[in-house]
Every structure is written in C-alpha cells, then in structure tokens.
Amino acid sequence: MNELREILDKETFGQIFEYEEGVPVLKNYINGKWEYSEGETVEVYSPLEDKLLACVQNSTESDAERAVNAAFENKGRDKGFRAWPGIERVEVFKRVAALLKEHKKALVKTLVLEAGKPYDNAEGEINAAIHRLNMALEEARKIFGEYIPGDWSEDTTGKVSIVLREPVGVVLAISPFNYPVYTSIAKIVPALLAGNTVVAKPPSTDPLAFLMAVRLFDEAGTPPGCLNVLTAHGKVMDYLTSHEHVDMITFTGSTKVGQHIAKNAAMKRLHLELGGKGCAIVLEDADLNLAASKIISGTFKYSGQRCDSISRILVVDRIADVFLENFIAKFDKLKFGDVREGNDLGPLISEDAAARVARLVKDAVNKGAKMLRGTGTCHNCYFTPTVLDRVPLEADIAWEETFGPVATIIRVKDFNEAVEVANRSRYGLDSCIFTKDMYNGWSAAKLLETGEVTLNDAPAHGVGYFPFGGNKASGMGREGVGYSIDEMTRLKTVVFN
C-alpha cells in the first residue's frame, strides 16, 4: 500500500527496511544493528482489504541464537543498561516517549493499516505506550530493597539483613496482535528499567508499528544488545523458549500457546497473561442505561479482540427485556465497515479469526440462541456485529473465548446463579457487575474467581496503573506499573552478623 510506503520513506525509519520488487522488507534488530535473517520472509497483509503491506523476517534458529547471545553477553553488572545509574535509564525512556509522540501520526496510521484498528483505538494504544514510558520513574520505585532487623527471632539475634531486588537476566518478551506496540513496550520498559536485557518477539500478523517503535528506542540511546527484536514463529519459538540463556518468559496470548510455552520453559520464570471469558453480571437494581452503555463498549471495542473484553452478559431474567431495549438502541448506533471511513468496528485480524467466530455463532443458534442482530456470516476478515439472546449453556460460545464482535446474553435466575455460571468457566481474567447494592458488589468481588472485578463499569486494563492478570487458565503473575517490576526481579538476601 502506498500509505505505508509514505510512512516508511521518512528518514527516521530508513534503517529498518529495504525495498524488494517495490515491497518494503523490514529487518530484525540484533545487538544494535538492523539486519536480514538467514531465512525467508513472511508477508504481512492488511485485514482492511487483503492487500500486501510489507514483508518481515522469518527468523531461523541461528538468528535466535545471536539475539539471545547478544542479550546474555550484555546482562552483566558492568555492561549495558545495568551499568547505567537508574535515573539515566529513565531519561532514555523519556526520550523514547518524546520520539513516539513526534512520530505518533505515522505509528497510528501503520496500526490502522496492519491491524484494522479504528483510528481512535490505534491512537489510544500509542498514547498508552507514551504514558507507560513517562511513568518509568514511578515504576522504578518498586526496585527498592528492604531492611530486616534480626532481633525478633532467637536464631537471628545480633544480625540484620538487607533484601535486594536484582534483575532476573535475559527476558524473552512475546506480544499479541491486538496491542502490538503497547503490550511490547509494557514488557520491555520494566525489564530494561530493572537492569535485564530483552529479546522481543512481536506478533507475526502486525509487527510493523512495533518495529518502527524499536527504531525509536535505538535513536533514544538504548545500549546495543540490551534490546533485541526478532520476527519469527513456528519451531524458532520453541528454540527461544527452551534456550538455556533465557531466564524469564513474559507472554501475552492464547491459553493453548501459553500452556505449550510453560511445558517448554522448564525452570524459567514465567509471566503469562492468557485467554479470558470476561463476564458482565446485570442485577435487578442496576442502572440499566449505564449497564447497557458500558457493556456495549466493553463488548465491541476493537471488535471484541481484547483479553479484557466482555464475552458473556449474565442478566437476571426479570429485567432482561428492559436491559435489551437499552442495549439494542445503543448497538444500532454502531457503524461497521472500513475503519478508514470513520466506522466504529472494522475487520478481525484474519480470515481464520472471522470464520472461527462465525462457527461459534452458528453453533449457538443451532442450540437455541436467538439472533437479535447480525447475519452470522463473514466476508474475508469482516464478521458482522451480532447480538445473541437466550444463549444456552450448552453452546460453545458460552465457554470459549470469542475474540469477535458478539454480545452473548445468558439469562440467569438471580445473583447466586450468575456467580455460579461465571465461576464455572475455566478462565479467570476479568469480570464486572452492575448493581446499586454495594453489598452485592462486594460479595461479587469476593466470590468471583477472576484476577480483577470491576463494579459498575466494563473491565479495562488501560496503562496498567492498577495491577491485572489472570487466575486459572487465564495465566499467572500480574502486570501493571510497578507490579511488572516484581515479576522481572528476584530477591537476594544479604545477612550481616
């Protein structure tokens, strides 16, 4: 697409690609240099109109070895970022944030083209990345240690200890397609800030904007070898996740892939943010207009391709019809189509993704669900936004992560049944409840088996100012400003006699 060429032809991004037969081919970033892989390339298509945007490297094990070795060789106390005072690391991140702001328009346009994101969603992602970088100093406060006097125990009387937080070493950061820039930066910043080195693997479907952002890390003065970036998939991923020099893996993506990584990682430290089946519970005393507005946003933002998306709406049957009147009225205002034309909802990331959502909807309708809006069909990467009512618990969509623009309404008898159905899911990432009774709200917060419970609003992780993460099949560990540092450092106890 000519739009992407106009973006990449700017002087800032000249190092990261070359043209081959008129198509930009983006490179890997290893040990401070932009270079081609020894393998073939992978084509990146736009889901907006199924056109070739660019090509990226399909990295080999040899490329992976060099990237990991570069990170390993620069993780020492007297090398790379770890040799820099913390305040100087923060200054680098401030420069990156300034460069992201300077090039925001180009990054936003690239996200729209490669991910099919509505413009405001793409701009929100880059703004969140800038915000997270600017909060690096606040994040650094979690690196402080602890003093423990020993005179409270007979066997340590006369001793004291200092508990230090030290970097884990080499961090492998693997990011998903839905927030390729923000999620990658939210992993890289705390890792580098704590003195780790990083090998980052962006998503294969939409890695372009992130590779552009890496160029800005380079320009801001990130030391060579501290941040290394490979575009890769398949067997190379197994090679990376099992590599002896990788000390930690932070992964955001599907539960299936996360479980495979966990098996492959052996004794490495893991942080996994995996699938979700976020539920919204609507009780009799809820503000139904507020509930409808928030659930519309929580369900259909970025066509439901979010781990914190509302994927089930559990409504008490007595007020379900009234709730639906509010909900449908708001749904009918959503505009669907090419996001470059100002539409609210656009395509899914791939044709396979759209076809999968169509199968889930067809299964639900075949088992008795009522399709109030939508067609149940897809065309290329586009799936028509859909509202399903009276979805039976036997339907696959009641339990499987949807990752598409479908409102799945399940009617329940009361609060207790809503909580029971919510907790029956194998996932445990996010949930929310709409009620004016704070006793019910507090009860739900304690009873729901999810990492985060939101009262009277849709779940939203945002920049991670509040910690978030999953229980059960939704993963392990917590992300967030400061909390990610906890995951990416380890304790060392120094005892003084």
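**Strands, helices and rings: a walk through the model**

When I say helix or strand, I mean DSSP runs numbered from the N terminus, at least four residues for helices (H or I) and at least two for strands (E). And strands count as paired if DSSP finds at least two bridges between them.

Quick word on what we're looking at. This is a predicted model, where local features need pLDDT of at least 70 and side-chain atom pairs count only at pLDDT 80 or more, while totals for chains, interfaces and linings use all residues. Residues are numbered from 1 along each chain as its sequence is written, and side-chain values use heavy atoms, with hydrogens and water left out.

Back to E26. Strand E8, residues 160-167, pairs with E26 in the antiparallel sense, over eight bridges. Those two belong to an open sheet of three strands, in the order E7-E8-E26, with antiparallel pairing. Strand E7 (146-149) and strand E26 (489-496) are at the edges with a single partner strand each, so one side of each has no neighbour in the sheet. On average, neighbouring strands here are turned by 25° against each other, ignoring direction. For that angle and the ones coming up, axes are lines fitted to C-alpha atoms, for helices over the stretch in contact, and angles between N-to-C directions run from 0 to 180 degrees.

Now, what is the strand order in the open sheet of seven strands? That one goes E16-E19-E20-E15-E14-E22-E23, and the pairing is mixed. Strand E16 (370-373) and strand E23 (452-455) are its edge strands, each pairing on one side only. At the E16 end, E16 and E19 pair in the antiparallel sense over three bridges, and Met371 has Leu388 in E19 as its bridge partner.

This sheet has helices on it too. Helix H11 (residues 288-300) packs on it and touches strand E14 (278-282), strand E15 (310-316), E19, E20 and strand E22 (430-434). The direction of H11 makes about 160° with that of E15. By contact I mean heavy atoms within 4.5 Å. Then there's helix H15 (residues 438-447), which lies across E22 and E23 and runs at about 170° to E23.

On to helices against helices. Two packed helices are described by the angle and the distance between their axes. Helix H4 (residues 104-115) and helix H8 (residues 208-220) have axes that come within 8 Å and cross at roughly 155°. H4 and H8 are therefore roughly antiparallel to each other; the cut-offs are under 35 degrees for roughly parallel, over 145 for roughly antiparallel, 65 to 115 for roughly perpendicular, and oblique for the rest. Which residues make the contact? From H4 it's Ala106, Leu107, Thr110, Leu111 and Glu114, and from H8 it's Leu208, Ala209, Met212, Ala213 and Leu216.

Now the aromatics: the structure holds 10 aromatic pairs. Rings of Phe, Tyr and Trp (its six-membered ring) pair if their centres lie within 6.5 Å, and planes under 30 degrees apart count as stacked, over 60 as edge-to-face and the rest as tilted. Take Phe81 and Trp84: their ring centres are 5.1 Å apart and their planes are at 90°, so the pair is edge-to-face. Phe81 counts as buried at 1% relative accessibility, whereas Trp84 counts as partly exposed at 27%. Buried here is under 20% relative accessible area, exposed is over 50%, and partly exposed is in between, with a 1.4 Å probe and protein chains only. Together with Phe93, Phe81 and Trp84 form one aromatic cluster.

Another edge-to-face pair is Phe177 with Phe403, 5.9 Å centre to centre and 75° between the planes. Phe177 lies in the loop between strand E9 (170-174) and helix H7 (182-193), and Phe403 lies in the loop between strand E19 (386-389) and strand E20 (406-412), so the pair ties together parts that are 226 residues apart in sequence. Buried or partly exposed? Phe177 is buried, at 18% relative accessible area, and Phe403 is partly exposed, at 21%.

Last stop, Ile30, which is found in strand E3 (residues 28-30) and is buried, with a relative accessible area of 4%. Leaving out residues up to four places away in sequence, Ile30 touches Glu35, Asp63, Arg66, Ala67, Asn228 and Leu230. And Ile30 is 8.8 Å from Val199, C-alpha to C-alpha, though they're 169 residues apart in sequence.
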